Amino acid sequence: MKKGPAKSNPEIENGGNWFLASIILAMLSCHSFYHVTLLIPLAMYVYQIDDNKKDRTWKVLKVLGTIATFVAVTIQLIFTFRSVTGSWHFLWCTYGCILSVPDLTPNIGLFWYFFTEIFEHFRVFFLCTFQLNVFVYTTPLAVRLRKEPMFFLLIHLIIITIFKSYPCIGDVAFYVALLPIWSHLFHFMRQRFIVCCVLASCTLLAPTLWHLWIYSGSANANFYFAITLAFNTGQVFLLTDILSAYIKREYYLENGVKYNEDGTLVLMRLQ
């Protein structure tokens, strides 16, 4: 029976990388505050990384140290930006802009077209609803994926990319580059061909429709938004498919179900 690569071993020692990871995450969160939610998988990973090597008190202290380092570096960076700019106005130009979405320049996200068309007196309600999508899934995913904090990190990166107010191709490329780490789940994905076709076709068609709309004037915003909507739908399918693949493989391993290399069940034939 082929079980694919083993799960990540929480007993691998990584020295003081938790301290460096806290600093880098604080810098990333200052750039885009959505990534502050990644502190949860980082804390989970730090707690599990040296299981059975240290006592529980030491692991809790490391988690608290990780959180304290993150908070301290974040505060230091904010006050540094304040001293460089000379005022607190930078908060509105950065975090306020991300939250209130005043710039509706077309991008690969879901915000720009929706808030161009919406009535102004509904704007605050739907703005809060849209922004909550990044944070509302954190707790249930943390509970379900508590044994796999690195996989939780990947899932949350996809969620951030889908629901952030100003996404870019670099956000997509970052989590796509991490997908081969979980290549053992690809055989259990049922929609991988459809997802690949949707993402590839949208990637090719988006620049074309952008050119037709902005430069040629032979198309309109609906054409480009249809491609961005299809692109984000493909990302949602990728997210749900790889989650279901993880759960399916976990069920097989826990219950001793035999399966082939392509993820299909081993059929027993009576002679």
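This is a predicted model: local features need pLDDT of at least 70, side-chain atom pairs count only at pLDDT 80 or more; totals for chains, interfaces and linings use all residues.

Visitor: At what angle do the axes of H2 and H8 cross?

Guide: Roughly 170°. The axes come within 8 Å, with H2 spanning residues 39–48 and H8 residues 149–163. An angle over 145 degrees counts as roughly antiparallel, so that is how H2 and H8 run.

Visitor: Now H1 and H3. What angle do they pack at?

Guide: About 40°, with the axes 8 Å apart. H1 covers residues 17–31 and H3 residues 56–85. The two helices are therefore oblique to each other.

Visitor: Is the crossing of H1 and H3 left-handed or right-handed?

Guide: Right-handed.

Visitor: Which residues in H1 meet H3?

Guide: Trp18, Phe19, Ser22, Ile23, Leu25, Ala26, Met27, Ser29 and Cys30. On the H3 side, the partners include Lys62, Gly65, Phe70, Val73, Leu77 and Phe81. By class, the contact of H1 with H3 has 11 nonpolar, 6 polar and 1 charged.

Visitor: Zooming out, how many helices and strands does the protein have?

Guide: 11 helices and 0 strands.

Visitor: And what share of the residues is buried?

Guide: 39% of the 271 residues. As for contacts with a separation of 6 or more, 69% come from residues 24 or more positions apart.

Visitor: Where does UniProt place the feature "transmembrane region"?

Guide: The unreviewed UniProt entry places it at residues 20–47, 59–81, 87–115, 122–139, 151–181, 193–215 and 221–239.

Visitor: Take residues 59–81. How far apart are the end C-alpha atoms?

Guide: They lie 33 Å apart, and the span is 100% helix.

Visitor: What about residues 151–181?

Guide: There the end C-alpha atoms lie 9 Å apart. That span is 74% helix and 0% strand.

Visitor: Where is valine 101 found?

Guide: In the loop between helix H4 (89–100) and helix H5 (111–117).

Visitor: Does valine 101 count as buried or exposed?

Guide: Buried, because its relative accessibility is 1% and the cut-off is under 20%.

Technical notes
Residues are numbered from 1 along each chain as its sequence is written. Side-chain values use heavy atoms; hydrogens and water are left out. Axes are lines fitted to C-alpha atoms, for helices over the stretch in contact, and angles run from 0 to 180 degrees between N-to-C directions. Helices (H or I, at least four residues) and strands (E, at least two) are DSSP runs, numbered from the N terminus. Angles under 35 degrees count as roughly parallel, over 145 as roughly antiparallel, 65 to 115 as roughly perpendicular and the rest as oblique. A crossing is left-handed if the near helix is turned anticlockwise from the far one by less than a right angle, and right-handed if clockwise. Contact means heavy atoms within 4.5 Å. Ala, Val, Leu, Ile, Met, Phe, Trp, Tyr, Cys and Pro count as nonpolar, Asp, Glu, Lys and Arg as charged, and the others, Gly among them, as polar. UniProt positions are given in the numbering used here, feature names are shortened, and annotations may be inferred rather than shown by experiment. Buried means under 20% relative accessible area, exposed over 50%, partly exposed in between (1.4 Å probe, protein chains only).
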